[in-house]
Amino acid sequence: MTREEIVFNYLQAHDIPYTVYHHPEGKTIEEAKRWWRDDGSVHCKNLFFRNHKGNRHYLVCLHCDYDLPIHDLEQMLKASLVAKGQPSCGKLSFASPERMERYLGLEPGSVSPFGLINDAEHHVHLFLDARLQTAESLSFHPNDCRGTVVITREDFERYLACVGNTYEYIAFN
């Protein structure tokens, strides 16, 4: 079964509606923008990080046009975690392809929150840009950079409840 089929089967098994369209490979936001349809969804950029000890991993989802220096991102994530009584993330770095495969079952260029399907131990914590809360629909790769899944925000949050990983919305200034 392909990574994409795993996503579709999971969504269907949980009665979560979505639409999908296929396009040429788009491993970066710049490449993907050429193929995205003007479908009314907020297209998302997904980044996978590890802490300095390598024992915590974070998936960060932002609006595709939003850039945030990693130092600023570190400070925001630290503040959010500590405010909730959780350990600070410390210094962040991008997770290696090996870690991405281990925790999300994905390869670089195909990272999306749908990779959480493969995180049976709920190791990865998801941070979502607070601005996504006002979006009617969101779009992500279906764990394959040759496709785009469009899903309502409400149905995406149902997906997150089903998959079971911890997540939070955070205001990225």
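**Close-up views of a predicted model**

At 0% relative accessibility, Phe114 counts as buried, a word that here means under 20% relative accessible area, whereas exposed means over 50% and partly exposed lies in between (1.4 Å probe, protein chains only). All views come from a predicted model, in which local features need pLDDT of at least 70 and side-chain atom pairs count only at pLDDT 80 or more, while totals for chains, interfaces and linings use all residues. Residues are numbered from 1 along each chain as its sequence is written, and side-chain values use heavy atoms, with hydrogens and water left out.

View 1. A pair of aromatic rings is described by the distance of the centres and the angle of the planes. Rings of Phe, Tyr and Trp (its six-membered ring) pair if their centres lie within 6.5 Å, and planes under 30 degrees apart count as stacked, over 60 as edge-to-face and the rest as tilted. By this rule the count comes to nine aromatic pairs. One of them joins Phe114 and Phe140 edge-to-face, with 5.9 Å from centre to centre and 85° between the planes. This pair links distant parts of the chain, since Phe114 lies in the loop between α4 (97–104) and β5 (124–129) and Phe140 lies in strand β6 (residues 137–140), 26 residues apart; helices (H or I, at least four residues) and strands (E, at least two) are DSSP runs, numbered from the N terminus. Both Phe114 and Phe140 are buried. Phe114 also forms an edge-to-face pair with Tyr159, at 5.1 Å centre to centre and 65° between the planes, and here the partner Tyr159 belongs to helix α5 (residues 153–163), 45 residues apart from Phe114. Tyr159 is buried too, because its relative accessible area is 0%. Ring pairs link Tyr10, Phe114, Phe140, Phe156 and Tyr159 into a cluster.

View 2. Ser41 is placed in the loop between α2 (29–33) and β2 (42–51), and it counts as buried because its relative accessibility is 12%. Its side chain makes a polar contact (a pair of N or O atoms within 3.5 Å; within protein, one must be able to donate a hydrogen and the other to accept it, and residues adjacent in sequence count only if both atoms are side-chain atoms) with the side chain of Asp39, at 2.5 Å. Another polar contact, of 3.2 Å, joins the side chains of Ser41 and Ser139.

**View 3. His43 in strand β2.** His43 has its place in strand β2 and is buried, because its relative accessible area is 10%. The side chains of His43 and Ser139 are joined by a polar contact of 2.4 Å. Leaving aside residues up to four places away in sequence, His43 touches Tyr21, Trp36, Arg37, Leu62, His63, Cys64 and Ser139, where contact means heavy atoms within 4.5 Å.

**View 4. The nonpolar cores.** A nonpolar core is a set of buried Ala, Val, Leu, Ile, Met, Phe, Trp, Tyr and Cys residues joined through side-chain atoms within 4.5 Å. The largest such core has 33 residues, and those with the most contacts inside it are Phe48, Leu116 and Tyr159. At least two residues of this core come from each of α1 (3–13), β2, β3 (57–63), α4, β5, β6, β7 (147–152) and α5. Apart from this core lies another, of 15 residues, among them Phe49, Tyr58, Val60 and Phe127.
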